[in-house]
Amino acid sequence: MIETADQIFVLLLHWLVSFLPAVLQPVASAVLCAAAIVCFFPALFALTTWLERKGLGRIQNRLGPNRVGPFGLLQPIADGIKSLTKEDIVPFSADAAVHFLAPIVLVVTVFMGFAVLPMGRNMVLADLDAGLLFYFAMGASTELAVFMAGWSSRNKYSLLGAMRAVAQMISYEVVLLLSSVVVVMISGSLSLTKIVAAQNQYTWGLPHWYIFTPWGLAGFVMFAIAATAETNRSPFDLPEGESELVAGYHTEYSGFKFALFFLGEYVAMFSISGLGTTLFLGGWTAPFSFLTWVPSWIWFFSKLMLSIFVFIWLRGTLPRLRQDQLMNFAWKFVLPMCLLNLLVTGLWRFLGDGWLRWVVCSAILLLAYVGIALGEQRKKHIGPRSYRYAE
Amino acid sequence: LLGEGILKGLAETARNFFGSYFCAERMTTVEYPEQRIAPFEAARTFPFLVYDGTDWQAGLRCVSCQICEKECPPKCIFIEKSKDKKPDALGKPQFYPTRFEIDISVCMSCQICVEVCPFEAIKMNTEFELSTTDRFGGLLLNREQLAKSNEYYHQIHATEAAEVDARLAAEKAKFDAKAKGAAVAKAASDAAATGEGA
């Protein structure tokens, strides 16, 4: 019974595919999985827009949407109908072909990332040996879509937004990669299913998730920072910066193309949360050994929604960074910490079991954190801006 | 320490998030169409014309001097001056507007018309529910739609209206005194003339 609940989607897939001749089965199975992903995540996106508006409302002591349907739950449907019925405007001097392609490229690359994410036990569309590499390749190509949108619109706000987006995403891509490499160093595999399997062990009822190690915690924090920047979420929402750039790279998009950008942004958020969950939070494994009977996909999606909640919480709390702060933060604080974390992970690997590696690794990371932060703050690279003439 | 402020901020927003479910005083907004808050005295939307007494046509303070029409930056006021004159509040014969129209789709609520009006005839309204299905005719307000009583003005801007009333009363007193003085002088000169004649 428990086994069936855990594998329900896998069994359903096998049952559906069994109606077809054996030749067609692999193709049909892939198509069905892809269709499930393409249907499920937009639905989750609709729910998340509602959750986000409600959450932000509550953070600002408001009620949030509550008019359409019970508790405003039908608000995403109303928004969807609105964006579908809006006029699709293409600027006269825009490069029409690229302008048309940009949202499609964005959504496609964003959805490709889900192919390698294990969303439950045996629930992975393509179990690639280099799954993590594939994921980052796909994640990096969203920058192309963003720049296509900004460049083809022939609008200075779009272009400024796209330039900012590319600068930001490339800087934080480095951090994202380096903070994930530590997981590969310890688990010895680029396959995301193997990374989850390596974390699926329990000591005294507690799981061996990588976040519960000094290097894992540091890596997770830096991964979370880079993921926020990579998905253009507040406080790193400079590419859209609605108070500065109208809407950034999607200024010239309206109607359903705009909705596609919106969708792409949220789906990218789900996918990066899923990756963070897989790398550091044990993927679909249960947080306590006595809870392993709960279906694995429930754990995966609870962790994913928890990350989404943190994203919303951060958005409701932090003001937007300035461009120079953003770059300084990436290159002068997060990147050195990432490189140090690589060293610490190496030490962890070769210091052997025992309490010594815990003390050494934690001490190095803590000292570095305090040291770099204080040093940078003294040099005023992080912190409030000082003006030479304006004061 | 770096990151301390972020944690403090997160704690604050978390407090707001959970507090808003339990503590009604935290809520900064009201459920608008069902609940309303009284309009603020300093609020302003679009101009209206003040009239004294009960009959808006007789009591309209506007004397059709057209200063507001000329000063209006977006040129949203249109006035047609009357050919004849009728007595105003002081009893002086004055022109009156046969047409006075404000296009509130053009008006930018700058209040310049109110500042330049020498007759305290045009004031700012606080009415904000002005949506209409006809975006041309529905947003072009005519004389009758613009005319609001002085009592209404007292209701929406109590302090300001009291000041205006005091000023108008002072003017009227001055005018009456002058008229009385003129009458006395006239009577005296008449008496002198009759005295000389006698």
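Between chain A and chain B, nine residue pairs are in polar contact (both at pLDDT 80 or more); a polar contact is a pair of N or O atoms within 3.5 Å, where within protein one must be able to donate a hydrogen and the other to accept it, and residues adjacent in sequence count only if both atoms are side-chain atoms. The model is predicted: local features need pLDDT of at least 70, side-chain atom pairs count only at pLDDT 80 or more, and totals for chains, interfaces and linings use all residues. Residues are numbered from 1 along each chain as its sequence is written, and side-chain values use heavy atoms, without hydrogens and water.

**Interface of chains A and B**

- The contact (heavy atoms within 4.5 Å) involves 21 residues from chain A and 19 residues from chain B.
- Arg58(A), Asn61(A) and Arg67(A) supply 36% of the area that chain A buries against chain B, more than any other three residues; buried area is the accessible area (1.4 Å probe) that two parts lose on being put together, summed over both.
- Together the two chains bury about 1800 Å², of which 64% is on carbon and sulfur atoms.

**Salt bridges**

- Two salt bridges are found across the interface of chain A and chain B, each being a side-chain nitrogen of Lys or Arg within 4 Å of a carboxyl oxygen of Asp or Glu.
- A salt bridge joins the side chains of Arg67(A) and Glu31(B), at 2.8 Å from N to O.

**Exposure of one residue**

- Leu32(A) is partly exposed, with a relative accessible area of 33%, because this term covers values between buried (under 20%) and exposed (over 50%), with a 1.4 Å probe and protein chains only.

Terms used: Chains are lettered from A and ligands numbered from 1 in the order in which they are written.
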